[in-house]
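Dear colleague,

Please find below the structure that I would like to hand over to you. My notes on what was found in it follow directly after.

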4 protein chains.
Amino acid sequence: MERPLFIPLILGTARQGRQSENVARFVFEQTQKRADVETEVIDVRELPMKLDDAGEQMKDPKFAAAIERCDGLIIVAPEYNHGYPGLLKHALDMNLKEYIHKAVGICGVSAGPFGGARVIEGLLPVMRELGLVTIFEDVNFGKVGTLFDERGRLLDQSYVRRVDKFLNELIWMARVLRHGRENIASA
Amino acid sequence: MERPLFIPLILGTARQGRQSENVARFVFEQTQKRADVETEVIDVRELPMKLDDAGEQMKDPKFAAAIERCDGLIIVAPEYNHGYPGLLKHALDMNLKEYIHKAVGICGVSAGPFGGARVIEGLLPVMRELGLVTIFEDVNFGKVGTLFDERGRLLDQSYVRRVDKFLNELIWMARVLRHGRENIASA
Amino acid sequence: MERPLFIPLILGTARQGRQSENVARFVFEQTQKRADVETEVIDVRELPMKLDDAGEQMKDPKFAAAIERCDGLIIVAPEYNHGYPGLLKHALDMNLKEYIHKAVGICGVSAGPFGGARVIEGLLPVMRELGLVTIFEDVNFGKVGTLFDERGRLLDQSYVRRVDKFLNELIWMARVLRHGRENIASA
Amino acid sequence: MERPLFIPLILGTARQGRQSENVARFVFEQTQKRADVETEVIDVRELPMKLDDAGEQMKDPKFAAAIERCDGLIIVAPEYNHGYPGLLKHALDMNLKEYIHKAVGICGVSAGPFGGARVIEGLLPVMRELGLVTIFEDVNFGKVGTLFDERGRLLDQSYVRRVDKFLNELIWMARVLRHGRENIASA
């Protein structure tokens with residue numbers, strides 16, 4: 001029997017009052033339900049970053065090890081001014097070769113109706129340069145301010161199905177790339 | 001023994017006097033040298049497109065069959081006004097499901113020194129939505145007007161090595177995804 | 001009294017059955033209501049383009065004259081596979097210096113709920129390279145298939161206000177840039 | 001006589017050993033030479049940002065006042081993994097309405113030969129959403145590691161002319177937009 005896939009979820013904002021935390025919790029719980037997947041939350045607010053440096057010089061052994069070990073990644077990314085959160089990029093740049101030939105799926109989040117469609121487009125060149133393969137299923141959490149009740153419970157159950165479809169594709173791609181990394185020689 | 005990978009090359013411009021033709025010929029010849037790869041040129045100038053329609057309604061059986069059968073694609077894309085050529089996009093939109101879970105590598109071309117770096121960025125969202133996986137190796141053919149002699153022979157031999165590295169990655173990804181399509185069940 | 005601003009509208013698709021035609025008609029009618037604006041529709045389906053060439057070599061005197069004379073542009077752009085329609089780009093590339101220091105506003109159109117948010121992002125580098133200034137108001141016509149009745153009449157009146165806000169910004173920027181072109185010397 | 005334009009320069013990285021500091025110093029000095037321009041350096045390393053928050057909640061009176069007062073901005077942006085530095089975005093998100101209808105020009109920086117061409121493309125949607133107008137002249141500082149000597153003096157004098165052309169366009173646009181903000185009523 002195959003060992004489980006390791007697919008951590010990066011909560012991509014440290015903003016006070018972040019609504020993306022509700023999104024991250026929900027997607028994390030759905031991921032935990034998958035028998036063949038191991039997951040954990042990597043919160044950019046908890047990472048040992050600095051304000052007077054950037055890049056691999058800030059490499060954190062624990063974060064780097066999680067990325068090194070992972071088969072795929074879920075990024076929960078709110079859209080700030082049509083771009084990605086600065087601290088999400090600051091965090092992603094801490095690692096480099098650890099990302100190569102892993103799968104990534106992006107959950108966009110926004111206060112408006114488009115569910116972070118633009119932040120996802122903005123992340124594509126970065127994901128590619130890191131060596132990640134961005135799947136072509138996204139989940140767009142729009143109008144996030146009214147999508148959860150005051151206790152953080154999801155109010156629109158259609159997202160269960162959407163996240164399911166997203167995880168199906170992510171798990172498939174993570175498994176395909178793991179097979180490739182482990183069994184298919186470089187050309 | 002495995003059957004060869006089928007990796008056609010799309011020459012992505014119909015412009016009169018197109019310099020990208022030299023690039024396409026060179027990359028095509030390098031691809032032909034690979035023992036395990038079958039290739040052919042798909043020239044957007046030769047495709048049966050229309051000026052009063054768009055999309056899958058223009059589907060061409062031969063082009064669609066090539067994409068359906070392929071394991072990977074090479075796109076030779078000149079940069080026009082920091083974007084992709086209109087006719088390249090017009091051609092790509094003729095197919096849809098045929099692209100899913102195939103690999104693609106992009107050779108950017110420009111008159112200036114950056115070798116189409118911007119057209120590659122611009123193509124990323126389109127490639128992803130088509131279901132293609134864009135590899136993270138590109139070849140940037142900059143200053144294309146002086147890169148070939150009047151008979152179309154390459155003047156800078158460093159491109160042999162660059163295309164080799166590009167093909168290595170593309171072939172690896174094409175093989176990995178083919179294994180996935182044929183052997184790994186949807187999650 | 002100032003002469004009117006000339007702000008033509010480009011209908012950016014030639015696809016049979018194009019829903020963007022309804023959008024274009026509605027936005028055109030709203031633009032016509034502005035006392036200080038002269039407008040006309042430029043339909044990419046009507047432009048004398050070719051399938052075996054590209055760029056300024058296809059320059060059309062009438063289209064070029066309209067762009068040369070214009071103070072601003074409205075582009076109605078449906079989103080095809082997360083990118084711009086090929087024929088829209090094919091058309092835009094027919095002109096070059098005619099665009100410089102004019103204003104442009106984009107109306108995105110899509111079958112899905114995001115109203116072409118992605119095609120707008122994709123057009124930004126192209127607009128900039130052409131010398132156009134893209135305003136920061138867009139109109140997003142989402143779920144276009146149900147936004148108009150069978151006679152092409154708009155069913156959601158909130159778009160009247162949205163287009164108004166968009167035109168306010170576009171007219172302001174067109175006027176500002178015209179003053180600049182005519183009165184402010186190059187530094 | 002007109003009051004001078006205020007065009008501060010944002011040094012967009014806090015990375016230790018940052019080569020962009022040489023670029024910023026050179027561009028700053030060239031800007032200072034303009035009789036009609038007042039400038040200053042805003043260093044993201046010196047801004048009072050936090051690692052556990054984001055956005056306007058971190059608003060700094062001095063930074064906000066500089067943006068509020070400015071007519072244009074120069075951003076020196078190194079390219080990290082084909083995207084913008086996290087701390088540059090973290091800084092830009094501290095302000096909001098202060099940016100509206102101001103001009104911005106971007107100097108891209110990279111270790112490789114393309115001079116940050118990709119980070120510039122990535123910044124375009126963000127600049128637009130902030131209300132800034134990105135000019136269509138860039139300066140691309142490629143191979144930055146060998147572009148300055150060990151004392152930080154520029155080794156390639158062609159950049160004097162390039163920055164001059166860039167400043168000409170930026171100053172023109174800053175002046176045009178200032179006239180618009182002060183004299184042209186909203187439509």
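Helix 5 of chain C passes helix 5 of chain D in a right-handed crossing, where helices are DSSP runs of H or I with at least four residues and strands are DSSP runs of E with at least two, both numbered from the N terminus, and where a crossing is right-handed if the near helix is turned clockwise from the far one by less than a right angle, and left-handed if anticlockwise. The residues of this contact divide into four nonpolar, four polar and no charged, with Ala, Val, Leu, Ile, Met, Phe, Trp, Tyr, Cys and Pro counted as nonpolar, Asp, Glu, Lys and Arg as charged, and the others, Gly among them, as polar.

Please keep in mind that this is a predicted model, in which local features need pLDDT of at least 70 and side-chain atom pairs count only at pLDDT 80 or more, while totals for chains, interfaces and linings use all residues. Residues are numbered from 1 along each chain as its sequence is written, and chains are lettered from A and ligands numbered from 1 in the order in which they are written.

To return to the two helices, each of which spans residues 158–183, their axes come within 9 Å and cross at roughly 130° (axes are lines fitted to C-alpha atoms over the stretch in contact, and angles run from 0 to 180 degrees between N-to-C directions). That makes helix 5 of chain C oblique to helix 5 of chain D, since angles under 35 degrees count as roughly parallel, over 145 as roughly antiparallel, 65 to 115 as roughly perpendicular and the rest as oblique. On the side of chain C, the residues that meet the other helix are C:Val176, C:Leu177, C:His179 and C:Gly180, and their counterparts are D:Val176, D:Leu177, D:His179 and D:Gly180.

Chain D also touches chain B, with five residues of chain D in contact with five of chain B (contact means that the C-beta atoms, placed from the backbone, lie within 7 Å). On chain D, this side consists of three nonpolar, no polar and two charged residues.

With kind regards

Conventions. Contact = placed C-beta atoms within 7 Å.
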